[in-house]
Each structure stands twice: as C-alpha cells, then as structure tokens.
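These are my notebook entries on a structure that I looked up. The sequence and the model come first, and my entries follow.

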Amino acid sequence: EEEPSQVQRRLQSAFGSHYGAVFSAMQHLAEAVGPALTAGHGEKAYEIYTKFRPNVPPGRMGWGQAGCLHVTDGENSLE
C-alpha cells in the first residue's frame, strides 16, 4: 500500500502545472459524493475514476495508458 505522500508525488508529476486545479476539482467531487465514495469495495470511486480517464480502453487494456483529463470547474476548464 502506498503512502499518501507517494501518491501525491505521482499526481504532481503526472499533472505538472495543473496539479493544484486538478486536486481542487477532485476534492470538491469527493466532498460532493461524501461517504459513498469509499463505501463497500470502492465501486463508486472506480466508477468516478473511469469518468476522469474516458479515452482509454476499459478494463486491463486501459491500465497504465496515457489519457486526456477533462476537468470543468464552473467557467474554468482544463484539458
């Protein structure tokens, strides 16, 4: 299991200068979904995750594939 600091470094590396905006958007989403996000075996979290990476193949074929992240927060959009 990864430490939160390891995950944060990977995300910072992946999103570069967009990390702050992406983190903020994901944090707002997590707050909006609430406890359902982590309930059970994470089905809801995975469902949401797949919406963040819509242009990669589903299932194992999509693992590790690069994709385009589309984040919209009000009037701001990151692509």
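Which residues line the second largest pocket? I found Pro4, Val7, Gln8, Leu11, Phe15, Tyr19, Val22, Phe23, Met26 and Gln27 in its lining. Helix H1 (4–15) and H2 are the elements that give two or more residues to this lining. I noted about 200 Å³ of space in the second largest pocket. For the term, I used a 1 Å grid over the protein atoms alone: a pocket is an open set of points where a 1.4 Å probe fits, with protein on both sides within 12 Å along at least five of seven lines, and lining residues have an atom within 4 Å of a point. The volume is the space filled by probe spheres set on the points, with grid points joined across faces, edges and corners.

Entry on the source. I worked from a predicted model, in which local features need pLDDT of at least 70 and side-chain atom pairs count only at pLDDT 80 or more, while totals for chains, interfaces and linings use all residues. Residues are numbered from 1 along each chain as its sequence is written, and side-chain values use heavy atoms, with hydrogens and water left out.

Entry on the fold. I counted three helices and two strands in the protein chain. Their order from the N terminus is α-α-α-β-β. Both are DSSP runs numbered from the N terminus, helices being H or I of at least four residues and strands being E of at least two. Of the 79 residues of the chain, 15% count as buried; buried means under 20% relative accessible area, exposed over 50%, and partly exposed in between, with a 1.4 Å probe and protein chains only.

Entry on aromatic rings. I searched the whole structure and recorded one aromatic pair. The ring centres of Tyr19 and Phe23 are 5.8 Å apart and the planes stand at 35 degrees, so the pair is tilted. The rule is that rings of Phe, Tyr and Trp (its six-membered ring) pair if their centres lie within 6.5 Å; planes under 30 degrees apart are stacked, over 60 edge-to-face, and the rest tilted. Because Tyr19 and Phe23 are four residues apart in helix H2 (residues 19–33), about one helical turn separates them. Is Tyr19 buried or exposed? Tyr19 counts as buried, at 14% relative accessibility, whereas Phe23, at 42%, counts as partly exposed.

Entry on salt bridges. I found two salt bridges in the structure. The term requires a side-chain nitrogen of Lys or Arg within 4 Å of a carboxyl oxygen of Asp or Glu. One joins the side chains of Glu2 and Arg10, at 2.8 Å from N to O. Glu2 is partly exposed, with a relative accessible area of 40%. Lys44 and Glu47 form a salt bridge at 3.7 Å, N to O. What separates Lys44 and Glu47 along helix H3? They are three residues apart in that helix, so the separation is about one helical turn. Lys44 is partly exposed, at 34% relative accessible area, and Glu47 is partly exposed, at 34%.

I placed Ile48 in helix H3, and at 12% relative accessibility Ile48 counts as buried. Ile48 and Ala30 are 18 residues apart in sequence and 9.7 Å apart in space, C-alpha to C-alpha. Val33, in helix H2, counts as partly exposed at 23% relative accessibility. Between Val33 and Lys44 I noted 11 residues in sequence and 9.0 Å in space, C-alpha to C-alpha. Tyr49 lies in helix H3 (residues 43–52) and, at 44% relative accessibility, counts as partly exposed.
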